[in-house]
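Please keep the sequence and the structure in view while reading.

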Amino acid sequence: MIRARLMATAILFHGNDMLMMKRSPNRTLSPGLWAAVGGHMEPHEIGDPAAAVLREIHEETGLLAEDIANLRLQYILIRLNQQEVRQQFIYTAEALKRDVGSTDEGELHWIPRHQVLHRDIPFIFRKLLEHYFTEGPNPHVWVGTAGYDEAGNSAVHWTQLIDPQQV
């Protein structure tokens, strides 16, 4: 039986630096890899991923909602991982301060943007960052679905999330 997992993630910038977490080697999901802050949505957050991402930011960094500016949904990633459909809401925002707390989930580091892709990053998150660094912030949300390209290589397929009634 296929299960579903909903997650909310924040790509936080301060100036030209991006906050990344080197995940603890003891984590179940992506141990030892570099990622953004975020996590699973609680049942009461299912209809409000922004609330989930603000909670996750606070839990993992100590930053409060008032420490965050320009929070906006920029991506929705969908992938099948074994028997689980994972849907991840990815927000971008600016952190108004660099001081972040510590978390048992990993080590937090501000990484210069030009060095971000030199880290060991999970495949789908790497593809998202490559897309974001190429396309930049957009007025619309991108949906990325993990799959294969025509040559059979792992790929993420990007589509703009557009309401056809508003076009």
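Thr 103 is buried, because its relative accessible area is 17% and buried means under 20%. The model described here is a predicted one.

**Thr 103 and its surroundings**

- Thr 103 belongs to the loop between β6 and β7, the latter strand covering residues 106-112.
- When neighbours within four places in sequence are left aside, Thr 103 is in contact with Met 21, Glu 60 and Leu 108.

**Residues with a positive phi**

- Asn 70 is not a glycine, yet it has a positive phi of about 55°.
- Strand β5, which spans residues 68-81, contains Asn 70.
- Asn 70 counts as exposed because its relative accessibility is 55%, and the cut-off for exposed is over 50%.
- Gln 82 is not a glycine either, and it has a positive phi of about 55°.
- Gln 82 is located in the loop between β5 and β6, where β6 covers residues 84-95.
- With a relative accessibility of 69%, Gln 82 counts as exposed.

- Ile 2, Leu 80 and Val 85 make a nonpolar surface patch of about 260 Å².
- Of these residues, Ile 2 lies in the segment before β1, a strand that covers residues 3-14.

Terms used: Residues are numbered from 1 along each chain as its sequence is written. This is a predicted model: local features need pLDDT of at least 70, side-chain atom pairs count only at pLDDT 80 or more; totals for chains, interfaces and linings use all residues. Side-chain values use heavy atoms; hydrogens and water are left out. Patches are made of residues with over 30% relative accessible area and no salt bridge: like charges are joined within 9 Å, nonpolar side chains (Val, Leu, Ile, Met, Phe, Trp, Tyr) within 5 Å. Accessible areas come from the Shrake-Rupley method with a 1.4 Å probe; for residues, only the protein chains shown count as cover. A salt bridge is a side-chain nitrogen of Lys or Arg within 4 Å of a carboxyl oxygen of Asp or Glu. Helices (H or I, at least four residues) and strands (E, at least two) are DSSP runs, numbered from the N terminus. Buried means under 20% relative accessible area, exposed over 50%, partly exposed in between (1.4 Å probe, protein chains only). Contact means heavy atoms within 4.5 Å.
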